[in-house]
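Me: I would like to learn how to read a few features of a protein model, one at a time. Could you take me through them slowly?

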Amino acid sequence: MKLTILKEYLNDSIQHVSKAISSKTPIPILSGIKIDLDSSGMTLTASDTDISIQSFIPLEKNELNIIEIERQGSIVLSAKFFVEIIRKLPAQKVEIEVKENFQTIIRSGSSEIQLVGLDPEEYPTLPSIEEYRRFQLPSDLLKTMIKQTTFAVSTNESTPILTGVLWTVDNGKLKFTACDRHRLGTRETNIEVDADFNLNNISISGKTLNELSKILPDQNTLIDIIFAENQVLFKLSSILFYTRILDGTYPDTSKLIPQSYKTELVINAHQLADAIDRAYLLSREEKTNIVKLIMHEDHTIEISSSSSELGKVTEQLEVSSLSGELLRISFNSKYMLDALKVMDSQLIHIGFTGAMQPIIIRPEETTSLLQLILPYRTTN
């Protein structure tokens, strides 16, 4: 294999696929990036068996020559060094030549680097996916839905299914659900699918979705999402992102969400987040993260936290509306801040069914996004 390629395009592709590289892989060759060069262009592949990412670089784009091919072929190069080397090369063009026994020479400007390559024949083939269940979603919407749910997945590997986000499709509605037993986040959107199209028990690792989000373009680009028996494929213009579906059955979380409330309030999300953030400073020192909320008859609420060593923070906030039973309630300030950060709304609606019942937070003007956190029992 021998070629010359523009460094910018090679580096971008390497950055995309390297997100699938794991330092803990049990298969040594998966610590490398596979490069395939044929008459259509260059394909880079990386995998850790859970996720696989493939990026394609065409020979030319918009009349710009990107790759000049002298000899087609394939090679696997150590990701750890290849990623760093390409990024630090001095010139705009990079020459890559593979010689006997997979010895690889990389030249750029006055630099020449020799790398020991691996046999591409030993690299596992990517999963084959039959495209019988698929739909499209705008890239920016998918990024938003990932951001609004993945923070609520569990980090406890003893319950692997809860480390994922549950995808369901029913009656043309796509819903994401994430829950770690202390909090829950859901986000819904309408999608264009056939009337009989449905999905259930499809859980994708939250960590994987966050890696996908880094690759997704910010603009409104349609992404093809294809479901197979145990794999999901996300198709971007030049990138294929494969991920494994988590094993197991996701628990039914619908019963956690109350249908009516004893107490409801509407408040400015930014002001509430700032007040809780200040209270969090002391609760964090106490290593409890507990913040208290007390409702008053004059349409104000009190946010407070205390530390036995440092003192107490108390803050009064006006609310836009307050109805129902006045409550005193304690909650994890970090969980509440996480929920408020993804609201994308000036006013939020908070519903309570009692001092020890789930707290429901959603934007005032829509029900497509919902966050739930469980309160704490405190002695005072």
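Me: Let us start with Val94: is Val94 buried or exposed?

Reply: A residue counts as buried when its relative accessible area is under 20%, and in this predicted model Val94 has a value of 0%, so Val94 is buried.

Me: Where in the fold does Val94 sit, and which residues does Val94 touch?

Reply: Val94 belongs to strand β9, which covers residues 93-98. If we do not count residues up to four places away in sequence, Val94 touches Leu3, Thr4, Ile5, Lys7, Leu10, Ile86, Leu89, Ile106, Arg107 and Ser108. As for distance along the chain and in space, Val94 and Lys2 are 92 residues apart in sequence, while their C-alpha atoms are 11 Å apart.

Me: Is Ser203 buried or exposed, and which residues is Ser203 in contact with?

Reply: Ser203, which lies in strand β16 (residues 199-205), has a relative accessibility of 0% and therefore counts as buried. Leaving aside neighbours within four places in sequence, Ser203 is in contact with Ile161, Val165, Leu166, Arg244, Ile245, Leu246 and Tyr250.

Me: How should I read the backbone angle phi, and what is the phi of Glu63?

Reply: The general idea is that most residues other than glycine have a negative phi. Glu63 is a residue other than glycine with a positive phi, near 65°, and Glu63 is found in the loop between β5 (60-61) and β6 (64-65). Exposed means over 50% relative accessible area, so Glu63, at 77% relative accessibility, counts as exposed.

Me: What is the phi of Arg181, and where does Arg181 lie?

Reply: Arg181, also a residue other than glycine, has a positive phi near 80°, and Arg181 lies in the loop between β14 (173-179) and β15 (183-190). With a relative accessibility of 55%, Arg181 counts as exposed.

Me: How do I read a pair of helices, and at what angle do the axes of α3 and α4 cross?

Reply: One looks at the approach of the axes, then at the crossing, and then at the residues that make the contact. The axes of helix α3 (residues 139-147) and helix α4 (residues 206-215) come within 10 Å and cross at roughly 145°, and the crossing of α3 past α4 is left-handed. On the side of α3 the contact is made by Leu142, Lys143 and Ile146, and on the side of α4 by Leu209, Asn210, Leu212 and Ser213.

Me: How many residues of that contact are nonpolar, polar and charged?

Reply: The residues of the contact of α3 with α4 divide into four nonpolar, two polar and one charged.

Terms used: Residues are numbered from 1 along each chain as its sequence is written. This is a predicted model: local features need pLDDT of at least 70, side-chain atom pairs count only at pLDDT 80 or more; totals for chains, interfaces and linings use all residues. Side-chain values use heavy atoms; hydrogens and water are left out. Axes are lines fitted to C-alpha atoms, for helices over the stretch in contact, and angles run from 0 to 180 degrees between N-to-C directions. Helices (H or I, at least four residues) and strands (E, at least two) are DSSP runs, numbered from the N terminus. A crossing is left-handed if the near helix is turned anticlockwise from the far one by less than a right angle, and right-handed if clockwise. Contact means heavy atoms within 4.5 Å. Ala, Val, Leu, Ile, Met, Phe, Trp, Tyr, Cys and Pro count as nonpolar, Asp, Glu, Lys and Arg as charged, and the others, Gly among them, as polar. Buried means under 20% relative accessible area, exposed over 50%, partly exposed in between (1.4 Å probe, protein chains only).
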